[in-house]
Amino acid sequence: MSLIEKAAAKLKKNESLVERAAKKLKDVSATEGDKSVSVNENSSMTSLETKRLNEKTKPVATMARVKLDLKVLQQKNILTSDDVENSMTTEEFRIIKRSLLLRAFSKGEAAIKNGNIVLVTSTQPDEGKTFCAVSLALSMAQERDLTVLLVDADVAKPDVLHTLGVKGSKGLIDVIENKDMDLSECLIRTNIPNLTILPAGKKHKLTTELLASERMGEIIDEIARRYHDRIIIIDAPPVLASSAASVLALHVGQILFVVEAERTREEELNDAFKMIDKCKNINLLLNKARFAGGKKKFGSYYGYGYN
Ligand SMILES: Nc1ncnc2c1ncn2[C@@H]1O[C@H](COP(=O)(O)OP(=O)(O)O)[C@@H](O)[C@H]1O
Ligand SMILES: [Mg+2]
């Protein structure tokens, strides 16, 4: 090879290096742009691995936000107000939350598996589960250094958003139904900094079956793992109306069982307890107890730990 031929070959080689570098740069910027990873046809990656990789690089969805009307919540006795009559209910929830929190984060021998997940249920509809779950969540969210996730799992009668006076769309049902959907896509932030909501989501005709499914258990376990430093309040369906509550009871550390004064029957209570007895920490809350005299109509008494 002549000297000139050698120089030409070298130049050509350099050119291809530059070309390769330029191509590499182009590839990188294309990947950054759509935040998804393209996989070479000859790659040995399985489609599952590819999906996981794409999932990791998905743009982070901004969390939905709602503004709770704190004045309205005070009028409904859900949030503490300066009015002494109204503040009685919220004072009662302060007492309730103390013992739940104590068990939620107890350490050592007293530690309870998934103790930070509290299931709120009762025997029948309308006994006050949502009222108590929301009141408790708001009371807990006022604690410093405590983050609260309120989950609406009563998909047949999803009232959490309505009780809080806000609207939402995606939720628990959508995550159960759609394996590709991440839990975080459905969370809603509120103007109470420590409070996040996971709504029930869209109505589905297979709802009860879905909620009582293995997948539901997986999701609760995932919530427990991911948000182990939070307190999670689940507004559950009534025990005697669907099998979902007893499935949920398998995955939570504590149950707050709402008993409606002058309404819930003892036989029903005994039947319900048999269905949720896998959870060893069941606390009873006597709700809607009437007060003799005074303007206050309802109260919530708490106690009678059931084991
Ligand atoms: N302690 C309470 N004080 C005032 N109203 C209450 C109380 N508990 C329940 N209610 C009201 O009773 C009705 C039924 O309660 P709700 O929480 O929706 O029942 P559930 O969730 O068990 O179906 C609602 O209108 C709720 O506001
Ligand atoms: Mg309800």
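The following legends describe close-up views of a predicted model.

In this predicted model, local features need pLDDT of at least 70 and side-chain atom pairs count only at pLDDT 80 or more, whereas totals for chains, interfaces and linings use all residues. Residues are numbered from 1 along each chain as its sequence is written, and chains are lettered from A and ligands numbered from 1 in the order in which they are written.

**View 1. The largest nonpolar core.** This core has 66 residues; a nonpolar core is a set of buried Ala, Val, Leu, Ile, Met, Phe, Trp, Tyr and Cys residues joined through C-beta atoms within 7 Å. A residue is buried if 20 or more other C-beta atoms lie within 10 Å of its own, exposed if 12 or fewer, and partly exposed in between, with C-beta atoms placed from the backbone. Val118, Ala137, Leu150, Ile233, Ile234 and Leu248 touch the most other members.

**View 2. Surroundings of Ile234****.** Leaving aside residues up to four places away in sequence, Ile234 touches Ile117, Val118, Leu119, Val120, Val151, Ala153, Leu248 and Val252 (contact: C-beta atoms, placed from the backbone, within 7 Å).

**View 3. Helix 5, residues 129-141****.** Helices are DSSP runs (H or I, at least four residues), numbered from the N terminus. Buried residues make up 13 of the 13 in helix 5, so this helix is largely enclosed by the rest of the structure.

**View 4. Helix 9, residues 214-226****.** Met216, Ile220 and Ile223 are buried.

Technical notes:
Helix = DSSP H or I, 4+ residues; strand = E, 2+ residues; numbered from the N terminus. Contact = placed C-beta atoms within 7 Å. Expected span 1.5 Å × (residues − 1).
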